[in-house]
Structure formats: structure tokens, C-alpha cells
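Please keep the sequence and the coordinates at hand while following the text.

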Amino acid sequence: MNASKTKAQIIRSHTITYFNILNLILAGLIVFSGQYKNMLFMGIVISNSLIGIVQELKVKKLIDALAVITATKARLVTDNGVRQVPIEELAVQDRIQVSAGDQIPADCRVCTSEGLEVNESLLTGESLPILKQPGDPLYSGSFITAGNGVGEVIHTGEDNYATQLVKKAQTKRRATSEMQDSIRRIIQYVSYALIPIGLLLYCIQRFRAGASISDSLVSTVAGVLGMIPEGLVLLTSVSFILGVGRLARKRALVQEMEAIEALARVNVLCLDKTGTITTGEIKVEQILPLHNRTEEALQPILSGLAFCFTESNATSQALQAYFSHTAPYPVSARLPFSSQRKYMGAAFSGHGSYLLGAPEFLTRDSAILRQAGEYAAQGMRVLLLVSCPQLAQTREELNALLPSVNELGLVLLSDCMKEDARETLEYFASQRVDIKIISGDNAATVSSVGLRAGIPGAENYIDAGCLPEDPALLEKEVTKYTVFGRVSPEMKQSILRAYQRNGCVTGMVGDGVNDVLALKDADCGIAMAKGADAARQSAHIVLLDSDFSGMKDIVQEGRTVIANIERVSALYLTKTIYSILLCILFILIGRAYPFIPIQLSLIGATAIGIPSFLLALEQQQGVTASGFLRHVLRISLPGALTLTAVLIGIQILASIFHSSPALISTLNLLAGGVISILVVVRVCRPMSRRRLLICIGITFIFAAALLLFPSFFGALPLWELF
């Protein structure tokens, strides 16, 4: 089931079906028999198809409005200036202009850089931006977070690094649907039995029971018609379609309808830290002055460092937010941050020179380094502010200055937690879903974030480089940990597969090219709309607002759909089971089949069709991770066996008392209707006011039909039974 089908595909999928063709053949046999009233089932078939088409077309209109794809363009640098061109037109040695917010369209080599910083987390999982200098590579799929520059294209199309990674994910695993797999198996087995049972039933009616050709055809059609669980297929499809529509209104684009069920059954949910638990931004938590200094003395220095650069990164933005009301010292010289240097600096007129960066590069004081390490173990990002005689452009210059630097204070920064992260994670915990964080960041840092978010077991972490490559060993190891750090794209895929081999139903939340391999192999892959195109294409569900909290709505919707279908499936399978049993038994005893099609239409409408669609609209949850067929048979099998036993008993008693065919037909219809309604009552437990009204309503309809039109349904007036 694909949520992006065309209108023609939707119409074909609801009209040209195995069951519709079979029903047309059965209708043809009724026409041949001349007993036209028994064609009433075709009205139900046509209504079912129309309902499915109308509902799916409504949802398609909504989905198409959301799934708007815009063409990606690049800014090509030419002798006549800069112009935009489709990325497909880029060629090797073309020069393109990139600036903050751009996604790099092709692998390039940096020609010029003005504070150019790149976030390569979509490729590597590493969330920290990387400063790029002339000659450095720019990988397609990564984002410019600060600065601007010009790059020379070195790869295009399938030669790009990101494309090579995506090619490994071309075979996308479909979202798993235990419910639909079970229904397909039932249909497959019933299909095998239809023709031989139908032929045998006709022969018994015609040659042993002595019925006419017309009556034999009608009885055969009734037997075959009862075996077909066609309404169950429609109910499942319409329920999924309506679920997709409701989720679309909540800004979740479901690309495969089965994904609703798959996510509802997930018991291991793998996700990255950034974008799910944290916002991707950082904030200043505390300023810790050293050597008897005060925070007030450090404020103008840090404020000057925060505001002295044109281009900014996440760290400088955090400092700017913290010191927005502090007057900075006037700047006389600047030293921008470099991922190679791991620090930045500035000289202030009349106030000296200062550096701010990673403590391990700016001091040799073991006590300060130990203190910084303790904060880092708590998940903090720690920066050290030092004063120095002059700005050190290189690491070598800095090493020469280290004996003369003065440590002024530590700056503690932390990842900004999403406001609804804890609530969302608590919801999954309440639903017995295990959360696993699989990140490219430092494992200890990610573990700390997980603990702050309240993830159970987040203290159990490991660097993915320490995990075994052997699949059998990996299966055992993954059960020990909740947090996995420094994870490569291939290892993400391996970890997820290990959980699947352990019997888990897996979900994967990701937004980058580095998540593609895991997304396409998950039982349900969920991508953020703000992430990479490749991630969106590989996922089964796309969160259009890139809001992880929206996952609650998807899970709740899925659990509602499945719980309702599980309940009403028992009604359909009861009819299928007793129809198969009755066909076999009446073939063996050589008696006329106990129902005619018009009677099955009445039973089907009152005890199956009406209650199933009303119950399927209920908003309630309660689904297990597996066992759909087992739960359904627990209700349907006893009901089918009871009805079969009662009907056999009626045939035996009728033989003893030499009852008329009309009386036998009436008793058969009453038994079928009453027991089928009792199955509805069983399905409605625990009984609510709404469910009680449903049970009373269908009982009234069934009784009214027999009281007002007994002969139409092949029965005697009820008062003649007494």
C-alpha cells in the first residue's frame, strides 16, 4: 500500500481485485439461476469499492498538498557573475558559491573561505561544525553553518560521496505489517479452497440432495460467499487510509500506510541525540572564575570575544545570547576559531590578548584539566579563557606561550534540551518501548544528555569502535547498552539489524545521509523533513515539522487503528471459519447447504458490516507487539464452532421430527443471526454506552427484517414457529 498512488491506481486498486472478480462470477451464477434477490451482496460489494475510492482520494488530496518537492539549485560562478542552475547541470571544475544555510550540492574543493564552517553530521554523525580552509574538501549533503566561500566541483552525480553511501540503501525494506501479513495468509488459504469446495458443494446439492440446478447454484454461491472475508480487506484499507489522513493533518507524511502499524508495534526505538532530544543549539550554563577572579571581571572579555567576528557558530551564538547586555572591550585584533587550533582569540585595546577554547590545548595545569574533565563527564562542553602576551596563530606558537598564559575562568555550555523531549520519552517508556541513542558524538556526552532527558539505562554507554563486527557477538553486546557513541553509518545499520535478530520490532529516527542505511532496514523508518533528501526518501514516515514529539500522535493513531481492526476482524473471521466448516460437513453428510445468499447478506449486514465500521471509528488504544491472528481466533473460533454445532443439531432434529424445508431454513437463519450477534456482544466487551447501543441497534434491525419481510429472506413468519 503506497500513500502516493495516482488517481487511476487508487480506482484500480478498489475495483479490479480478486474478490470483486470472484463476486462478479458468483453474481453471474445467480443471474443464471434466475433467483435475482440473492444478488443483494453485489450492492455491498459496489458500496465497499466506492467507500474505499472516495476515502483514499480525499486522503490523496491532503497528502499531495503536503508532499511538495522543490528543485535544488546551485549558484554557479561565471565570468559574467553568479547565476543559479539546477544541480544536475553542474560539471567537474565548475566553481560554485556557498554561504551559511546552503546544502552543498556536489563534492568540491575549497577555493576561497571567509570563516566557512561546515556541519557534516548528515554524513558522519559528528555534530560539531568544521572550519574549512582553501584546499579542504566539501562533501555533498553537508551544510554550511557559518561564513561563505567558493568551491570547485570535483565530483558530480553518482561519484559524490553522499551518493555512494545512498547507493547502498537502494533496496528499501517495506514497513512491516503483521496484521496485513496474517490477513493475506488467510486469503491465500481460502483462495486455494474455494474452487474445489465450490465444485464439491454443487455436486452434492445437485446429485445427492436432489436440488434443482437453480437451487444448487444458489446454495453453492452461499457457501462460497460466506468463505470470502472481503469486508475485512476493505475495513483494513479504509482504516489505514483514514489514519494516514488524520496524521497528515498533524503534519506527519506517511509514505507507506503499513508504517502506521509498524510503528505502533515497535518495541525498540533508535534515535540520534540532535533534533530529537536536543535542538542542535547550545547555551551557556555557568561562568566559573579561576584564581580568585570574579565573573564581572570576565564578562567584558567574553562579550568582546562573542561579538568580534562577522561569522558566527553555535558557541559564539550561545555567548552572544548570554552577554547580550554586557559592554565589550574594543577589539584591535581577531583570531577566528579553527577546528584544527581548537580555540579563538582577540586582542583588546588597552586590555591585552585573550584566547578561548579547549582546556587541553590552553593550559598544562592538571587541577584545571581535572576540573574540566569532571564537567565534561557530566555532559558539559567546557571552554577555558586565558590571557596571553600575544595571539598565537598556530599550535606551535601557542605551545611556546603556554608557560606565560594566565587561566581566568571556565565557560560551561550545554546542549539545549527540547522542551517536550522528556514528556515524549516518558510516553514511550510507558508504552514499554526501549529507547536507544545511536549518535556520532562522544558516548559519555550523549549518555549525560540521555540521563538529563530521563531515558532509562542511559548510563550504559559504549563507543561504537569497541563493538565487535561479528553479527553473533554484536547481538549479545547491543543488549547491554542504551547509548552508542561515535557510530558510523554502517555500524548504525549493523546495530539495528542486531536488535531485529534478537526478535525486536525496530524503529529508526534520523535526518541525515548517515542514517539512510539504518532507516531503510528498520521495521519503520522516520525522517525529519529538515534533514537530507536521501533520509526522507528512505523513510516510511516524514515528520514535516521535524518535531520528535509528533511521534506520540503517530503511535497513538497506529495503536487505535490496530486495536479496532483486531477487534472487528473476529466478526469477519467467524463467518469465514463457520462457512468453511459448514461446506465441508454438508458435503460429507450430503445435505443442502443451510443458507442462501440473501440470508448471509442479512447476517453479514447486521452482525458484521454495521458493527465493524462503527467499532472501527472508536478512538482507543491497546495493541500488543505481536500475535494478531492468535488474538482474533480467540474470539472467532469459539463463535464459529458454536454456530456449526447448532446448525448440525438443527439438521439432526429436523430429520427426527420430519420438519419442513421452510422451517429448517428459518431455524438456520435464526441460529446464524443470534449467534453472530452474540459474537458482536463478545467483541464489544467491556461494554460502554455506545457499544450497548450498537448491540441493541443491530438486534432490532435483524428482528425487524424477519418480522416485516420473512418470505424475502427465505423464512417463515416468526409467529408460525410457535
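This is a predicted model: local features need pLDDT of at least 70, side-chain atom pairs count only at pLDDT 80 or more; totals for chains, interfaces and linings use all residues.

His-658 is exposed, because its relative accessibility is 70% and the threshold for that class is over 50%. This residue is placed in the loop between helix 23, which spans 628-657, and helix 24.

Asn-292 belongs to the loop between strand 10 (278-289) and helix 10 (295-307). With a relative accessibility of 83%, Asn-292 counts as exposed.

The next loop to consider lies between helix 24 (661-683) and helix 25 (689-708), and Arg-685 has its place there. Pro-686 is found in the loop between helix 24 and helix 25 as well. The peptide bond that joins Arg-685 and Pro-686 is cis, with omega about 0°. Arg-685 counts as exposed, at 54% relative accessibility. The side chain also has a part in a surface feature: Arg-685 gathers with Arg-630, Arg-634 and Arg-682 in a patch of positive charge. Residues in such a patch have no salt bridge.

From the surface, the reader may turn to a buried position. Ile-368 lies in helix 13, which comprises residues 366-377. Ile-368 counts as buried because its relative accessibility is 4%, and the limit for that class is under 20%. A pairing across the sequence can be followed from here: Ile-368 and Leu-290 are separated by 78 residues in sequence, while their C-alpha atoms are 8.9 Å apart in space.

The cysteines remain to be examined. How many disulfides does the structure hold? The number is zero. For Cys-108, the reason is one of distance: the closest cysteine sulfur is that of Cys-111, and it is 8.2 Å away, too far for a bond. A disulfide would require the two sulfur atoms to be within 2.5 Å. Is Cys-108 buried or exposed? Cys-108 is buried, with a relative accessible area of 1%. Cys-466, by contrast, is exposed, and its relative accessible area is 59%.

Note on methods:
Residues are numbered from 1 along each chain as its sequence is written. Side-chain values use heavy atoms; hydrogens and water are left out. Buried means under 20% relative accessible area, exposed over 50%, partly exposed in between (1.4 Å probe, protein chains only). Patches are made of residues with over 30% relative accessible area and no salt bridge: like charges are joined within 9 Å, nonpolar side chains (Val, Leu, Ile, Met, Phe, Trp, Tyr) within 5 Å. Accessible areas come from the Shrake-Rupley method with a 1.4 Å probe; for residues, only the protein chains shown count as cover. A salt bridge is a side-chain nitrogen of Lys or Arg within 4 Å of a carboxyl oxygen of Asp or Glu. Lys and Arg count as positive and Asp and Glu as negative; His and the chain ends are not counted. The place of a charge is taken as NZ of Lys, CZ of Arg, CG of Asp or CD of Glu. Helices (H or I, at least four residues) and strands (E, at least two) are DSSP runs, numbered from the N terminus.
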